[in-house]
Amino acid sequence: MGSLREAMLAALNGDRDFMKIPALDWIIEYLESNTIPYVVCGGLAAQAYGSTRDLADVDIYVPDEYLYQIVQMGKNYVTYGPARYVDDEWDLTFVQFEFENQKVEIASDKECKILDSEIGEWHQEIIDFNQYKVCYIYDRSIKVMKKDDLISYKRKLNRQVDIEDIKQIQQSV
């Protein structure tokens, strides 16, 4: 690693390797110190593979049996749930925290469905917590959904942000 000055300049220039997100540190440190399996998905995973769009929130899947333990840990920061959430794209159970002005959404892997927009059918997501890539982003290592799985996931959702992420991921080295 370079000097502190280089790190600061990189952060000012948007180098995500050196920037920090306190909410990301907060949740990942809790998950890892309690040996809770997890996989990061969504925009943060897309950024880890080269997407440059702004981060809206931190999306993480965990095994269902850990969800309420996580809720108890972060009970002072809960802004939604834990509850079942169903809309035109999602059918899942999750909790949303807001920690230092950053949303963190922790979803259960149990009965997690997304609407496959191409065929108009609900797809049961199977999250394998042994299948991930360790990526270094925002000044820490995190377990990220594998690239092919992330692209498949985003293709099913097919929202504008997903289309943008896929394009940028595929253009990235």
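Predicted model: local features only at pLDDT ≥ 70, side-chain atom pairs only at ≥ 80, totals over all residues.

Student: In which element is L31 found?

Tutor: L31 sits in helix 2, residues 22–33.

Student: Which residues does L31 touch, leaving out those up to four places away in sequence?

Tutor: L31 touches I36, Y38, I60, V62 and I70. Take I70 as a case. It is 39 residues from L31 along the chain, and the two C-alpha atoms are separated by 8.1 Å.

Student: Now a residue for contrast. Is N76 buried or exposed?

Tutor: N76 is exposed, because its relative accessible area is 68% and exposed means over 50%. N76 lies in a loop, between helix 4 (67–73) and strand 3 (78–86).

Student: On to helix pairs. At what angle do helix 5 and helix 6 pack?

Tutor: Read the angle and the axis distance together. Helix 5 (residues 147–157) and helix 6 (residues 160–171) pack at about 150°, and their axes are 9 Å apart. Helix 5 is therefore roughly antiparallel to helix 6, as angles over 145 degrees count that way.

Student: What is the handedness of the crossing of helix 5 and helix 6?

Tutor: The crossing is left-handed. On the helix 5 side, the contact is made by K147, L150, I151, K154, R155 and L157. Helix 6 supplies D162, D165, I166, I169 and Q170.

Student: How many residues of that contact are nonpolar, polar and charged?

Tutor: The contact of helix 5 with helix 6 has five nonpolar residues, one polar and five charged.

Student: Let us step back to the whole chain. How many helices and strands does the protein chain have?

Tutor: The protein chain has six helices and nine strands.

Student: What share of the residues is buried?

Tutor: Of the 173 residues in the protein chain, 45% are buried. L31 is buried too.

Student: What about the accessible surface of the protein chain?

Tutor: Ask for the total, then for its make-up. The accessible surface is about 9300 Å², and carbon and sulfur atoms account for 47% of it.

Conventions: Residues numbered from 1 in each chain as written. Heavy atoms only, no water. Helix = DSSP H or I, 4+ residues; strand = E, 2+ residues; numbered from the N terminus. Buried < 20%, exposed > 50% of the residue type's maximum accessible area, 1.4 Å probe, protein only. Areas by Shrake-Rupley, 256 points an atom, 1.4 Å probe, with all protein chains shown as cover. Axes fitted to C-alpha atoms, helices over the stretch in contact; angles between N-to-C directions. Parallel < 35°, antiparallel > 145°, perpendicular 65-115°, else oblique. Left-handed = near helix turned anticlockwise from the far one by under 90°. Contact = heavy atoms within 4.5 Å. Nonpolar A, V, L, I, M, F, W, Y, C, P; charged D, E, K, R; others polar.
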